[in-house]
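Student: I would like to go through this structure one feature at a time. Please show it, and then we can start with the surroundings of a ligand.

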Amino acid sequence: MEGISLFIGLFRKARAIILRREVEIVGQCRLCGNCCRGVLLKNRDRWLRTEAQYKELCKDEPGHERFKIMDKDEYGNLCFACSWQGEDNLCKDHENRLQLCKEYPTKGLYYQGGWLGADCGFSFKAVKFRDIFMRRKRALIPSFDKILQQEQDKKRSNS
Ligand code: SF4
Ligand code: SF4
C-alpha cells in the first residue's frame, strides 16, 4: 500500500453513496512484492502508530510478529517490512500468508483513503462525478442519425 488519507477516504465514501456506485478492483497481481514493504497495519479499527499498539496487535494475533517496524509515513502511521519476504520479493510461505495478504487490495482500503503503488497490477475503478456529468451531457446531444432523420422528415413534409 502506498498510503492513506482520511479526507480522501471520506470523500470516496460520500461519492459512492451519492452516485450509488461501488468501487471495483480490476487487474491482477504482477508478483512485484512491493505491497509487502512499507505495510500499514490496523488493530481494533485504528492504524498502528506506536510500538505499544503493535505489541498489542501481536498479542491479539501472533501471526503479525513476522512484521518489523521500518519507519513512519507522513501521517504518523508505522510502516512495516515483512520477514517472510524472500530476496526474490516473493512470499516464503505463500500458502500460509495472513488473511490481510490474501485479501489485498480490498475495497475497504479504497474507502479508507488508501491508494496503490504505480507498479501494482491492480487498480481501483470508481465512477466519478465527472463521468456521470459527461454521460448526461452525451445523452442530451442528439445523435447524427437522429438529426439526419429529422432533416429528411422536414424535407418530406415541405414537398
Ligand atoms: S503491489 Fe500489487 S502487483 Fe505487486 S505484489 Fe502487491 S498486489 Fe501484486
Ligand atoms: S506474509 Fe507473505 S504476502 Fe504477507 S506481507 Fe509477508 S511476504 Fe508479503
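Student: How many residues of the shell around ligand 2 are charged?
Tutor: In this predicted model, the residues around ligand 2 include C36, C82, C91 and C101. R66 and R97 are also listed around ligand 2. By class, the shell has seven nonpolar residues and one polar, and the number charged is two.

Student: And how many residues of the shell around ligand 1 are nonpolar?
Tutor: Ligand 1 is surrounded by residues that include C29, C32, C35 and C120, along with Y104 and F122. Of this shell, four residues are polar and one is charged. The number of nonpolar residues is seven.

Student: Which residue takes a positive phi just after α1?
Tutor: Helix α1 covers residues 6-19 and reaches 20 Å from its first C-alpha to its last. Most residues other than glycine have a negative phi. The exception here lies in the loop between α1 and β2 (24-27) and has a phi of about 55°. That residue is R20.

Student: What is the omega of the peptide bond from Y104 to P105?
Tutor: P105 is placed in the loop between α3 (99-103) and α4 (107-111). Most peptide bonds are trans. The bond from Y104 to P105 is cis, with omega near -5°.

Student: Which residues is F67 in contact with, leaving aside its neighbours within four places in sequence?
Tutor: F67 is part of the largest nonpolar core, which has six residues in all. L41 and F80 are members of that core too, and both are among the contacts of F67.

Student: How far apart are the C-alpha centres of domain 1 and domain 2?
Tutor: The domain assignment gives domain 1 as 2-125 and domain 2 as 128-159. R135 and L57 are 46 Å apart in space, C-alpha to C-alpha. For the C-alpha centres of the two domains, the distance is 47 Å.

Terms used:
Residues numbered from 1 in each chain as written. Chains lettered and ligands numbered in written order. Predicted model: local features only at pLDDT ≥ 70, side-chain atom pairs only at ≥ 80, totals over all residues. Near = placed C-beta within 6 Å. Nonpolar A, V, L, I, M, F, W, Y, C, P; charged D, E, K, R; others polar. Helix = DSSP H or I, 4+ residues; strand = E, 2+ residues; numbered from the N terminus. Expected span 1.5 Å × (residues − 1). Domains from an automatic or database assignment. Core = buried A, V, L, I, M, F, W, Y, C linked by C-beta atoms within 7 Å. Buried ≥ 20, exposed ≤ 12 C-beta atoms within 10 Å, placed from the backbone. Contact = placed C-beta atoms within 7 Å.
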